[in-house]
Amino acid sequence: MAPLRIAVTGATGNVGTALLAQLSSMRETYEVVAVARRVPPSIGPYRHACWHAVDVGDSDAEEMLCRAFDAADAVVHLAWGFQPSHRPDLLRRTAIGGTRAVMAAAARAGVTHVVHMSSAAVYAPGAHGRKVDESCPATGIPTSQYSTDKVEAERIVAESARPAGAPEITILRPGLVGQVAAGAALRRYAMPGWVPATALRRLPVVPLDPSVALPAVHAADVATAVEHALAAPGAGVVNLAAADPVRAADVVESLHARPWTISRRTLRILTQATWRAHLQPVHGGWIDLLYDTPLLDCDRAERVLDWSPAIPGREVWRETIAGMRFGASGTGPVLGARSPREMIAALVAGGTVGRRPVP
């Protein structure tokens with residue numbers, strides 16, 4: 001039997017890199033067509049894929065994706081943007097425009113199954129600290145662009161599945177996705193470019209409310225869930241998370257610092273003020289996500305995908321923070337490390353991560 005042809009958008013990102021590693025170990029089963037804005041070097045998990053350089057937010061993305069999706073049995077849509085945080089229009093260009101282009105191209109190319117990567121961030125506030133299943137209202141957190149964009153992207157995917165002959169849909173809603181190789185990239189999203197990784201090794205205190213509890217899942221476990229979803233088309237909406245959440249004590253312990261109890265309101269005010277001043281790239285809406293994202297009931301994942309996570313949530317967090325503290329990185333353009341010279345050049349040329357244009 002010929003291998004299944006799988007097209008993956010956002011293939012150089014956190015989940016995309018883990019998925020390519022997973023599928024490359026099963027080359028008799030899967031042939032991978034990878035889509036990314038910047039094609040990575042042909043090493044590591046990237047070397048076995050056929051690459052297409054496409055920015056899914058471009059005006060001609062649908063046409064280019066049609067060519068990439070030609071003869072594909074399934075599409076895994078992972079493409080998403082996290083910066084520049086002061087340019088919501090550019091973020092929506094990828095999140096919303098890109099999702100429309102992917103779904104339109106998949107339909108035109110005759111793809112029969114689309115796996116869309118959503119997030120636990122789509123769930124409405126009000127269940128923090130409690131597990132919710134997929135029936136919980138997915139109306140999002142209004143103050144978080146990430147949340148509202150994920151909600152709208154899900155709507156686009158669902159609407160695209162309604163016409164006769166449209167692809168079957170699987171929507172995955174993971175919690176915080178981590179791995180050690182994402183450390184350098186996540187540090188760039190969370191900290192100013194001029195702050196070195198060593199700063200995370202010298203934090204005296206961590207400002208956090210003890211009530212914090214987050215669902216987390218390892219990128220390798222998410223990749224396994226995607227691979228299982230490819231074998232079960234049209235599984236619908238599925239939560240993904242480790243059984244144990246990441247709690248405030250885990251955050252403090254991983255950073256080898258002392259806890260500093262601070263209210264949610266104070267933390268959000270400080271975050272938003274420093275973001276507005278371009279001192280750091282994290283919008284206050286991410287603080288709302290921290291406090292409003294519920295824990296996840298993943299019974300459905302076990303039933304319909306035969307999936308259960310191999311790595312505990314606390315270990316996912318510890319591994320990810322270790323990657324951030326010691327500058328761990330991958331080999332591609334998204335997860336790759338930046339030298340001090342590259343970081344300084346980016347700052348001089350385009351400003352902070354929240355301000356500069358998409359690289």
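## Val 252 in helix α7

Val 252 sits in helix α7, which covers residues 248-254, in a model that is predicted. With a relative accessible area of 12%, Val 252 is buried, because the limit for a buried residue is under 20% relative accessible area. When residues up to four places away in sequence are set aside, Val 252 touches Val 206, Ala 257, Arg 258 and Pro 259. Val 252 can also be placed relative to Pro 45: the two residues are 207 residues apart in sequence, and their C-alpha atoms are 33 Å apart in space.

Thr 271 belongs to helix α8, made up of residues 264-276, and is buried at a relative accessible area of 10%. Leaving out residues up to four places away in sequence, the residues that Thr 271 touches are Gln 280, Val 282, His 283, Gly 284 and Ile 287.

Thr 331 is found in the loop between α11 (313-325) and α12 (340-350), and its 42% relative accessibility makes it partly exposed. Which residues does Thr 331 contact, leaving aside its neighbours within four places in sequence? They are Pro 41, Ile 43 and Tyr 46. For one of these, Ile 43, the separation along the chain from Thr 331 is 288 residues, while the C-alpha atoms of the two are separated by 7.7 Å.

Side chains of opposite charge can pair when their charged atoms come close. In this model the count comes to 18 salt bridges. One of them joins Asp 55 and Arg 93, with the closest N and O atoms 3.2 Å apart. This pair links distant parts of the chain, since Asp 55 is in the loop between β3 (50-53) and α2 (61-68), whereas Arg 93 is in helix α3 (residues 88-108), 38 residues apart. Asp 55 is buried, with a relative accessible area of 15%, whereas Arg 93 is partly exposed, with a relative accessible area of 28%.

Another salt bridge is formed by Glu 63 and Arg 108, whose closest N and O atoms are 2.9 Å apart. Here too distant parts of the chain are linked, with Glu 63 in helix α2 and Arg 108 in helix α3, 45 residues apart. Glu 63 counts as partly exposed at 40% relative accessibility, and Arg 108 is likewise partly exposed, with a relative accessible area of 47%.

The side chains of Arg 155 and Glu 159 meet in a salt bridge, at 3.2 Å from N to O. Why are Arg 155 and Glu 159 separated by about one helical turn? The reason is that they are four residues apart in helix α4, which spans residues 145-160. Arg 155 has a relative accessible area of 36% and is partly exposed, and Glu 159, at 36% relative accessibility, also counts as partly exposed. Both residues take part in a network of salt bridges that links Arg 92, Arg 100, Asp 149, Glu 152, Arg 155 and Glu 159.

## A negative surface patch

Asp 133, Asp 299, Glu 302 and Asp 306 form a negative surface patch. Among them, Asp 299 lies in helix α10, which covers residues 299-305, and Asp 299 counts as partly exposed at 45% relative accessibility.

Key: Residues numbered from 1 in each chain as written. Predicted model: local features only at pLDDT ≥ 70, side-chain atom pairs only at ≥ 80, totals over all residues. Heavy atoms only, no water. Patch = residues over 30% accessible without salt bridge, like charges linked within 9 Å, V, L, I, M, F, W, Y side chains within 5 Å. Areas by Shrake-Rupley, 256 points an atom, 1.4 Å probe, with all protein chains shown as cover. Salt bridge = Lys/Arg side-chain N within 4 Å of Asp/Glu carboxyl O. Lys, Arg positive; Asp, Glu negative; His and termini not counted. Charge placed at Lys NZ, Arg CZ, Asp CG, Glu CD. Helix = DSSP H or I, 4+ residues; strand = E, 2+ residues; numbered from the N terminus. Buried < 20%, exposed > 50% of the residue type's maximum accessible area, 1.4 Å probe, protein only. Contact = heavy atoms within 4.5 Å.
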